[in-house]
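Reader: I have just opened this structure and would welcome a guided tour. Could we start with a helix and move on from there?

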Amino acid sequence: MNPRGAGPGVSVALSVALHALLAGLFALGFWQFHRKEPPVQQLAIEATVVDGSRLPMPAASSSVPPISNDSPVSEPPVPDTQPPLPEVSEPVDDSAARDQLAREQAARQLAERQQQLQDEQAQQAKAARDAKAAKEAKALREAKAAKEAKAAREAQLAKEAKAAEEARLAKQAQELRERQAREAREKQQREQQAREQQAREQQAREQQARAANEAELRARMAAEERQLAAQNSGLLAQYQAQIRSRIERAWIRPPNARPGLSCEVRITQVPGGEVVGVRVGNCNGDESVRQSIEAAAYRASPLPLPADPSLFDRNLLVTFKPQD
Amino acid sequence: MRKTLTLLVLASVLALSACSGKKVKPVTGAGGEPVTSTQSGAQTGGAGGGTSGTRGTEGSTANGALGPTGELGSQRVIYFDFDNSDIRPEFIDVVAAHGRFLANNPAVRVRLEGHTDERGSREYNIALGERRSQTVRRALLLQGVKESQIATVSYGEERPAVAGSDELAYSKNRRVEIFYIN
Amino acid sequence: MDLTMLQTLRKFSTRMLSALVLWAGAGAAYADLSIDITKGVTDALSIAVVPFARSVPADGGLDVAAVVQHDLEGSGRFRGMDRKDMLSTPVRVADIQAADWRAARNDYIVVGRLSSISNTELVIDFELVNLLSGQTLLQQRVSVAPSALRHGAHRVADLIYQRLTGTRGAFATRIGYVSVDGAPPAQRYQLLLADADGENIRVILESARPIMSPAWSSDGEWVAYVSFENHASAVYVQRVRTGERRLVSARAGINGAPAFSPDGRRLALTLSGSTGNADIYVLDLATQLLTRITEDPAIDTEATWSPDGKQLYFTSDRAGGPQIYRVGVQGGEAARRLSFGVPYAARPRVSPDGTQLALVVRDSSGYHIAAQDVAGGALRVLTRGSLDESPSFAPNGAQIIYAARERGQAILAMVSADGQVTQRLKADRGEVRDPVWGPYAD
């Protein structure tokens, strides 16, 4: 792109321009992105919160709450009242002309009614005739249809019977083939199984022999472990009992150390049993009780040593819980 | 915190010492004047009879002149059983003798002093001694002696007739003494 | 997967499992070893009270450390060290060779110094050190007038006692009691006050007739007592500091067993009138209003107040022989019997916290001091004499002073509230009885 002879200034300027363009694009895109996601405001009233991004954006700032297309914008309510009835006009006051008018009106009305009646009768007769004709035509059609349907059914039945026959024959042949194949397969399987069985039995015997060896080995190991654990737990319990007895003798229990008291003391000892650290932990007793417990820990020094040196523990957690 | 505590202790001890400077006195004499009771036990009613010989030192002549004479009447001490305030049978006649005398001499007055042995609680023994005095009083009243002629008092175990913690001393201390007082 | 792979897997897992078990077993040894302690011993705390540095002549020759040691040992909760066994006599913490003192089986040590600030002020500086942990538990200064140095020593003992037992010390309190000289019928009676250790005795009443039943008011200003100086019983109250005396009751019959209410406004009394039947009354000292509490043909006497001032405990033989009863001062409900299981129970006193009763009981071996829960329950016999009587609680409830007989002589003794330790009070005169423990001085 750049012709070779162009100076570094040009390349710098171009790269700056490129960066500026990119930055501008980023900004634009960001802005766009930003504009596409206005904050959705949770209103205190019951309203469905709509995703603002679906709405046509108002040109103004996004502080205007979005308006949903579903709910109607508040419109004035439709009035319930009916439009008023048209008014009836007042007649002119002229009695003789009115009587003549009335008689002529009556005669006209009578004639009209008679004509109406005749028309109705003619209509009815026509309707009756039409109906009858339609009925006859319908009956004819139906008879024809029935005959055709019957013929079709019979033909169909015949066809089906034939097909069924054929199918049965085919099926029989198929079954025969399948049976043969099956028998062949089974035979093969049996032979296979017999072979496998033999192999398995062989394997099982070998397995058993090995397992027996392993079991014996495991049993021996387990026995050793149990023995070791028993020794340890027995010795451990003994060690604990010795320490307990020593501390009990060393604890000058104040009268207000009553049942319900629970005080923890962490004792640090060095090999040889000498107590080098005492720290009273959780304790629901008063100062004199704490004193007595701390003193007990020190006075118990040196603590007895365990019969098995591997049981020695530098850190003891002693809990004082008088029972009586 | 420590400083506050020390200051507090200091303050309280100062206050204390200010008071105790007055309260803690040398052994006797200073501070509250020891009150000496002036009425030293005027034993106007020293029991003159032989039944309680250890008491016969004071005013026996004065008392002997008052009250009934004669074998029964000269007995001025009634003895009681342990924890009991009933008059023993052997003393019924003695009480009767005094009752007759007093009934016949309505101007004469007596003081009945009840006592117990030293066993048991002191104030309870005061009440027990009083019960004994009351028994004798009631017996006298039954014989027509007027109430105004009889006063009772109880010393409980406070004034034993015989010192000692054996049964003999005890038996000599469970008593009511009759003192004629005018 | 095929068979061989399965076998290999199985083998592997078995080996893993065994290894795991072994490792876990070994691993348990590295967690903290837990031990539960459910009992201890009841024993005295061993404390060395080293002689304090003197301040001559201001201290008047008083051995403050000796007073402190005597107080602590007398409580029964401490065992002091003999001075002749002390290898050194440090007076400040820096001089303490802890190992030496520990070797002599001391758990605690007290060191101190007296100094004279002025003619009117002496100070005792002292420290209490825990020899086991090396921690200085107390570092205090007690300041007193020279004439009250003894009292200051008791204050030091109080502070040490409280720090190590959790209970306030009562070494700086006083007692009252009656002494009798001479043989019947010429006895002489005295009412005396003294320090709780029996020192600093002061006579506040003398008489040729019996004095009995001294009782302190809660503020320590007044003592009530019964005097027969007028050939009959009468109840007086006397102001301790001035000796001012007031006659409270000299009615016909019994006037006895006075007891101040906790608020000091009322006095419980036993009166009988001329019918001679002892009953309990409450006298309002300001209004002189007399309220009758019991009314029955039995003997009712020896009333004592509950700490809330609402109830009276007393002795009554309404059941045949003396037993302890309780009744509300307001009245309205029957008295409730509290003592059972003994033919004789009398002279109740309530502990300062209101939970315990001290009383005198009689069994086959004589009269002893016993204690029981106020609510009832088993009697704990605290003393072993045959003629023990007149129990009275220290204001911290830790001890009970009482009267006893030793080799025929009437003495005063103290027993710890749990009955563990008894000590005899020093006696400087013949027959002493009827002790009463005074309240805290503040």
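**A walk through the chains**

Author: Helix 5 of chain B is largely enclosed by the rest of the structure, because 17 of its 21 residues are buried. A residue is buried if 20 or more other C-beta atoms lie within 10 Å of its own, exposed if 12 or fewer, and partly exposed in between, with C-beta atoms placed from the backbone. Helices (H or I, at least four residues) and strands (E, at least two) are DSSP runs, numbered from the N terminus.

Reader: Before we go on, what kind of model is this, and how are residues and chains labelled?

Author: This is a predicted model, in which local features need pLDDT of at least 70 and side-chain atom pairs count only at pLDDT 80 or more, while totals for chains, interfaces and linings use all residues. Residues are numbered from 1 along each chain as its sequence is written, and chains are lettered from A and ligands numbered from 1 in the order in which they are written.

Reader: Thank you. What span does helix 5 of chain B reach from its first C-alpha to its last?

Author: Helix 5 of chain B covers residues 122-142 and reaches 30 Å, close to the 30 Å expected at 1.5 Å a residue. The expected span is 1.5 Å times one less than the number of residues.

Reader: And which residue with a positive phi follows helix 5 of chain B?

Author: That is G144(B), with a phi near 95°.

Reader: At what angle do helix 4 and helix 5 of chain B cross?

Author: Helix 4 (residues 89-104) of chain B crosses helix 5 of chain B at roughly 55°, and their axes come within 8 Å. Helix 4 of chain B is therefore oblique to helix 5 of chain B. Axes are lines fitted to C-alpha atoms, for helices over the stretch in contact, and angles run from 0 to 180 degrees between N-to-C directions. Angles under 35 degrees count as roughly parallel, over 145 as roughly antiparallel, 65 to 115 as roughly perpendicular and the rest as oblique.

Reader: Which residues make the contact between those two helices?

Author: Helix 4 of chain B contributes V95(B), H98(B), G99(B) and L102(B), and helix 5 of chain B contributes V136(B), A139(B) and L140(B). Two residues are in contact if their C-beta atoms, placed from the backbone, lie within 7 Å.

Reader: How many helices and strands does chain B have altogether?

Author: Chain B has six helices and five strands, in the sequence pattern α-β-α-α-β-α-β-α-β-α-β. Of its 182 residues, 43% are buried.

Reader: What does strand 1 of chain A pair with?

Author: Strand 1 of chain A pairs in the antiparallel sense with strand 2 (residues 275-283) of chain A over six bridges. Strand 3 (residues 315-320) of chain A also pairs with strand 1 of chain A in the antiparallel sense, over six bridges. Two strands pair if DSSP finds at least two bridges between them. In strand 2 of chain A, V275(A) is the bridge partner of Q269(A), and in strand 3 of chain A, L317(A) is the bridge partner of R266(A).

Reader: In the hairpin of strands 1 and 2 of chain A, which residue takes a positive phi?

Author: G272(A) does, with a phi near 110°; the hairpin has five residues between the strands.

Reader: Now chain C. How many of its residues are in contact with chain A?

Author: On the chain C side there are 27 residues, in contact with 43 residues of chain A. Helix 1 of chain C gives the largest share of that side, six residues.

Reader: Which strands form the open sheet in chain C?

Author: Four strands form it, in the order 14-15-16-17, with antiparallel pairing. Strand 14 (255-260) and strand 17 (290-292) of chain C are the edge strands, each pairing on one side only.

Reader: Lastly, is A334(C) buried or exposed?

Author: A334(C) is exposed, because 8 other C-beta atoms lie within 10 Å. A334(C) sits in the loop between strand 20 (323-328) and strand 21 (336-337) of chain C.
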